[in-house]
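Here are my notes for anyone opening this one for the first time. Have a look at the model, then go through the points in order.

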Amino acid sequence: MSGVSFSFFLKGVRPLIWLILFTVLLQVFFSRGGTVYWQFGPLSLTSSGVINGSYVFCRFVLIIFMSTLLTLTTAPLEIADAMESLMGPLKKIKVPVYEISLMLSIALRFVPTLMDETEKIMNAQRSRGVNFGEGSIVQQIKSVIPLLIPLFVSSFNRAEDLATAMEARGYRGGEGRTKYRVHFWRLNDTLACVVFAFLTVILLGLRNW
Amino acid sequence: MEEPIIEISDLSFKYPQQKREALSHLDLTVTSGEWVAVIGHNGSGKSTLAKLVDGLLVPETGTVKIAGVSLTSETLWDIRKNIGMVFQNPDNQFVGANVEEDVAFGLENQGVPREQMIERVRSALESVGMWDFAQHEPARLSGGQKQRVALAGVIALRPKIIIMDEATSMLDPEGRKEIIQLIKNLNQKNGFTVISITHDIEEASLAERVVVIDDGVLVQNDKPENVFQRGAALIESGLDIPFSEKLKNEIKNYGIEVPQEYLTEKGMVDWLCQFISKK
Amino acid sequence: MSIHFEKVNYIYQAGTPFEHQALKNVTVSIPKGSYTAIIGHTGSGKSTLLQHLNGLLKPSSGHVTVADKEITSTTKNKELGELRKHVGIVFQFPEAQLFEETVVKDIAFAPKNFGKTQEEAEKIAIEMADLVGLPDNILNGSPFELSGGQMRRVAIAGILAMKPDVLVLDEPTAGLDPKGRLEMMQMFEKLHQRQQLTIVLVTHQMDDVANYASHTIVLEKGEVIAAAPPKEVFKNPQWLLEHHLALPKATKFAYELQKTGKFSFDKMPLTEKDLAAAIANSLKRGGN
Ligand SMILES: Nc1ncnc2c1ncn2[C@@H]1O[C@H](COP(=O)(O)OP(=O)(O)OP(=O)(O)O)[C@@H](O)[C@H]1O
Ligand SMILES: Nc1ncnc2c1ncn2[C@@H]1O[C@H](COP(=O)(O)OP(=O)(O)OP(=O)(O)O)[C@@H](O)[C@H]1O
Ligand SMILES: [Mg+2]
Ligand SMILES: [Mg+2]
């Protein structure tokens, strides 16, 4: 449906696997209540522990899946458009919905650029002998400065350039603008909604069980 | 079409942080359909001039008139509809999530109805050979492709004037040639007035007129061949020395008489052929 | 310090939908003491290749040998510190890496990281500032208040301060006017001559290749399609045309002259000097 392979999701989960396992085990062994299956000191294996544990596990995996899917398949501007239409009713009470969502979309659009920029500056400073993520805490904190200052300077310049370019292209706020993009609701979208509604019900059910 | 489209008189500007004026008492007139190259060394005030013409900066003294209308805060937005700017760094001028939406941005701002927009976006992208990339993310294009898209964004607006601020500086030689050719077509076929700010001698030689700015002052405003006549001194004006001038100087070292006047490369070939035939 | 690439492949974002192979089976050498120019279109993999020279990127497969150090996909970052001292990379728009309060401190940053004391490092910094032609009166000012060309010089001095054996330059003159470009190129030439620095230069300017390089590597879509001295590479205009590459101005002019049938050259000239000599020669002999 999304054209993103399953193994790719697994890759997204992998770096977080220890965090997930740790949290799940915590839930499983430290929860009280329900039938007690096994006990050792403060540790206990209870039915509610198992349910909480699986609940936490599902939640984690879902969050990771959803965020991977969203960032991979949806361009930032689309996310902003969605925000705008969700906030639509607020227009009536004079909230500058258009401006907020444009701001948001530009901020989102610059996320990949900012990441590229970070990578570039890190490489430049590595070539000057900085070891990011190595050495003592003090050294690590020190190594952040040669990264943050250039990043700040370049973001600032970029923002200024972009503002100039937008003005030169005639941008003066949401008034009187027309829209190029329209959205269509497809069968797949309906399917996705149904599936997620179903999942929500299951999770809620699991929780109140 | 001899009517003036840009009339600048006594234009001065100073950035608040700077001591020196970035532009000082500049006068310049550009006629409709003309191609003017603006040259000058780094920091001479070329980009500042471009921004003043587009009303992106407010002058200290002097006036700018576009198509007979004075640039003021009231006329600003109407005047901008006549001017399309392509900036030095294409990365910092993209707004859209994909190529076609970015090209549409300027049209959206002008409130062009959607049906027209679709058609204009498409034809602009086709004219720069980028329609196949309509769905691509601008950030993931190559330098040359980015500059084409930026240009398409301008073409779609159908402005009277195109200002290119070193728009080809990031390209490989072939990419640069293609963009320049594209602009030339727009200038000749569609009658766009073109102001090109450049350090590239080949780009400057295509212009009908070359304007030289030095530390904010207009020092020369003449046909390319007359400007290029200055030979080695051109390098101080932010332009390379024309190849034919370099070659003439080298040949002179062999005790061969060379003509005084400026020769294009073609002219140089002709002259050498004549010279050798006479022998 | 000689450098050798052996069957190097590099894949960006391997295993994702954006996977992109930027280097394909690259086998090429950069001789010690050479001035090597790397040319090719935008996106052909030039910057990717450069980042392998000091291990910022590691080959997805194959290996890179720099002096005695072999870099493969499994090489640890810890092992690369020494190498990075010997291979200085000046990235595109290097002024983006400046961050210290003063010019001297910024130039002294790398030597300090590589174990020099504050005083030693600042002494080197002052030397380097002089070498790249920065005036003394700006050394204790902020690097952010300089002109574009001066910022570029500060950044380059910051790399030279590591006293590298190999200086790697990614389009070092982009954005400068021709005068600034010429000064910068002459500065590199001086370093190459006087300090026997091996230079690796990425450029779009064929005239720079003709004027300065002893060796050329041509990349196309991640593959090396030629590796030879400039005069070999520019010998075949048909081949260059097929690969959308330009000729140096002097060489192009020489071909134009040859087309008239009145001139012929045995060896195609690469620079204005060579061209003028060849023309003078023909004129004295009196044509074909
Ligand atoms: N935003 C700014 N704030 C302060 N000073 C500026 C600003 N932009 C430019 N200047 C200064 O104004 C002068 C003219 O700058 P301008 O950008 O117009 O030069 P330019 O001819 O376009 O140069 P280049 O060839 O490098 O693009 C320079 O001295 C520059 O340092
Ligand atoms: N971080 C990255 N992720 C994915 N693909 C990348 C990344 N960096 C570069 N690429 C791709 O790898 C290819 C080679 O890029 P590279 O930057 O080496 O080209 P280049 O020859 O230096 O081009 P230019 O002349 O524009 O600097 C390009 O197609 C580019 O899109
Ligand atoms: Mg400028
Ligand atoms: Mg590159």
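1. Start at ligand 2, where an oxygen atom is 2.5 Å from an N or O atom in the side chain of C:Thr48. That is a polar contact, meaning a pair of N or O atoms within 3.5 Å; within protein, one must be able to donate a hydrogen and the other to accept it, and residues adjacent in sequence count only if both atoms are side-chain atoms. The side chain of C:Ser47 also brings an N or O atom to 2.7 Å from an oxygen atom of ligand 2. On its own, ligand 2 exposes 640 Å², and the protein buries 69% of that (Shrake-Rupley accessible areas with a 1.4 Å probe; for residues, only the protein chains shown count as cover).

2. Before going on, a word on what you are looking at: this is a predicted model, local features need pLDDT of at least 70, side-chain atom pairs count only at pLDDT 80 or more, and totals for chains, interfaces and linings use all residues. Residues are numbered from 1 along each chain as its sequence is written, chains are lettered from A and ligands numbered from 1 in the order in which they are written, and side-chain values use heavy atoms, with hydrogens and water left out.

3. Which residues come nearest to ligand 2? Out of 14 around it, they are C:Gly43, C:Gly45, C:Lys46, C:Ser47 and C:Thr48 (a residue is near if one of its heavy atoms lies within 4 Å).

4. Now over to chain B and ligand 1, which has 16 residues around it, with B:Gln18, B:Gly43, B:Lys46, B:Ser47 and B:Thr48 coming nearest. The side chain of B:Lys46 places an N or O atom 2.7 Å from an oxygen atom of ligand 1. For B:Ser47, a polar side-chain atom lies 2.7 Å from a ligand oxygen, and for B:Asn42 the figure is 3.0 Å. Ligand 1 taken alone exposes 640 Å², of which the protein buries 72%. Its shell is made up of two nonpolar, 11 polar and three charged residues (Ala, Val, Leu, Ile, Met, Phe, Trp, Tyr, Cys and Pro count as nonpolar, Asp, Glu, Lys and Arg as charged, and the others, Gly among them, as polar).

5. Chain B is assigned domain 1 (4-240) and domain 2 (242-278), with bounds from an automatic or database domain assignment. Their centres, taken over C-alpha atoms, are 34 Å apart. Seven residues of domain 1 are in contact with six of domain 2 (heavy atoms within 4.5 Å). There is one salt bridge across this interface, and B:Asp240 and B:Lys246 meet in a salt bridge at 3.8 Å, N to O (a side-chain nitrogen of Lys or Arg within 4 Å of a carboxyl oxygen of Asp or Glu).

6. Last, the chain C and chain A interface: 25 residues of chain C are in contact with 18 of chain A. About 1,800 Å² is buried between them, 63% of it from carbon and sulfur atoms (accessible area, 1.4 Å probe, that two parts lose on being put together, summed over both). On the chain C side, C:Gln97, C:Phe99 and C:Phe109 lose the most area to chain A, together 27% of what that side buries. A:Arg128 and C:Asp106 form a salt bridge, their closest N and O atoms 3.0 Å apart.
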